[in-house]
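Welcome! Have a look at the sequence and the 3D view, and keep both open while you read.

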Amino acid sequence: MSMLPESGLVRSSDLTRVRLAPNPGPMSLDGTNSYVVAAPGSGSTVVVDPGPEDEGHLQALADAGTVELVLITHRHWDHTEASRRFAELTGAPVRAFDPTYCVAGVPLRADEEISAAGVTIRVLAAPGHTSDSVCFWLPDDGPNGSILTGDTILGRGTTVLDYPDGTLGDYLDTLDRLSELGPATVLPGHGPVQPDLSSLVLTYRDHREERLEQIRAALAQTGPHAGSAEIADLVYSDVPANVRSAAELSVGAQLAYLRGEG
């Protein structure tokens, strides 16, 4: 049986290593993936999503190299809780799309290109899971590049839309933009690395269309004014109680899409 290195960091692509944070749960799967990005031979690193405030986890990320910059994929606590502490530990600025989650750094801009730790990182706005979600595209990471997707695309399962902050219309537009990147390696915020972004985008789109058809059918049964809880009873009747609230959020996003946009 293979053993993890003492640091807990494992190679996830040519230019990245990943460390699993100790915060497993119904919504975080095995835990949050914190990534260390650096070109070979670089003395500095970029850390993406430091995760929960766990000293052992943060120290292992800090010890991987001199941290030049910290990047945040979106506002949820399991990605951002440790931001301030990690900035204190490393002296590195923390940058996020939402200025609320920046620490001594300026907010990220859509389509911005960042050069750090010997790596080119392009910021892609990716609203849908949340309004402030971004992905980080590494065009030089392997033959097809790689993309750090946060919770926009997961390594296992499907993404919850944090409605009303996250909307289905935005999410479908994000999937369309991501599809243009082709078969990039997917470095997700939760779950295992996946080899082909374009294939996952198709799977995610098919899933959303299937759910929309189920909700249309449920509305035909209940009447057009049914609420999220009533529709979730029909469409998500098999989900465990500990993720029921997430199912209702996704139903809310889909109902808003059908009633207001579609």
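## A briefing on contacts, pockets and backbone

Asp 111 counts as exposed, with a relative accessibility of 66%. Please keep in mind that you are looking at a predicted model. The points below go through backbone details, charged contacts, rings and pockets.

- Asp 111 has a phi near 70°, which is a positive value in a residue other than glycine.
- You can find Asp 111 in the loop between β6 (94–95) and β7 (113–116).
- Ala 117 also has a positive phi, near 55°, and it is a residue other than glycine.
- To locate Ala 117, go to the loop between β7 and β8 (119–125).
- Is Ala 117 buried or exposed? Ala 117 counts as buried, at 3% relative accessibility.
- Tyr 163 and Pro 164 are joined by a cis peptide bond, with omega at about 10°.
- Pro 164 sits in the loop between β10 and α4.

**Salt bridges**

- How many salt bridges does a search of the whole structure find? The search finds 13.
- One of them brings together the side chains of Arg 75 and Asp 162, at 3.0 Å from N to O. This pair links distant parts of the chain, 87 residues apart: Arg 75 is in the loop between β5 (66–71) and α2 (77–80), while Asp 162 is in the loop between β10 (146–150) and α4 (168–179).
- Look at how accessible these two partners are: Arg 75 is partly exposed, with a relative accessible area of 22%, whereas Asp 162 counts as buried at 17%. The cut-off explains the two labels, because buried means under 20% relative accessible area.
- Arg 244 and Asp 233 also meet in a salt bridge through their side chains, again with an N to O distance of 3.0 Å. Here the link runs between helices, with Arg 244 in α7 (residues 244–261) and Asp 233 in α6 (residues 228–235), 11 residues apart.
- Arg 244 is partly exposed, with a relative accessible area of 22%, and Asp 233 counts as partly exposed too, at 46% relative accessibility.
- Arg 109 forms a salt bridge with Glu 112, and their closest N and O atoms are 3.9 Å apart. That distance still counts, because the cut-off for a salt bridge is within 4 Å.
- Glu 112 counts as buried, at 9% relative accessibility.
- Which residues are linked in a network of salt bridges? Glu 55, Arg 85 and Glu 88 are linked in this way.

**Aromatic rings**

- A pair of aromatic rings is described by the distance of the centres and the angle of the planes.
- In this model, the count of aromatic pairs comes to 0.

**The largest pocket**

- Rolling a probe the size of a water molecule over the atoms shows where empty space is left.
- The largest pocket has a volume of about 740 Å³. It is lined by 31 residues, and those closest to its centre are Pro 26, Met 27, Thr 158, Val 160 and Ala 246.
- At least two lining residues come from each of α2, α5 (197–222) and α7.
- Which helix gives the most to this lining? The answer is α7, with 5 residues.
- The lining of the largest pocket divides into 13 nonpolar, 12 polar and 6 charged residues.

**The second largest pocket**

- The second largest pocket holds about 190 Å³ of space.
- Of its 12 lining residues, Val 18, Leu 20, Asn 33, Gly 191 and Pro 192 lie nearest its centre. The elements that give two or more residues to this lining are β2 (16–20) and β3 (33–37).
- Strand β2 supplies the largest share of the lining, 3 residues.
- By type, the lining of the second largest pocket has 7 nonpolar, 3 polar and 2 charged residues.

Terms used. Residues are numbered from 1 along each chain as its sequence is written. This is a predicted model: local features need pLDDT of at least 70, side-chain atom pairs count only at pLDDT 80 or more; totals for chains, interfaces and linings use all residues. Side-chain values use heavy atoms; hydrogens and water are left out. Rings of Phe, Tyr and Trp (its six-membered ring) pair if their centres lie within 6.5 Å; planes under 30 degrees apart count as stacked, over 60 as edge-to-face and the rest as tilted. Helices (H or I, at least four residues) and strands (E, at least two) are DSSP runs, numbered from the N terminus. Buried means under 20% relative accessible area, exposed over 50%, partly exposed in between (1.4 Å probe, protein chains only). On a 1 Å grid over the protein atoms alone, a cavity is a set of points where a 1.4 Å probe fits but cannot get out, and a pocket is an open set with protein on both sides within 12 Å along at least five of seven lines; lining residues have an atom within 4 Å of a point. Grid points are joined across faces, edges and corners, and a volume is the space filled by probe spheres set on the points. Ala, Val, Leu, Ile, Met, Phe, Trp, Tyr, Cys and Pro count as nonpolar, Asp, Glu, Lys and Arg as charged, and the others, Gly among them, as polar.
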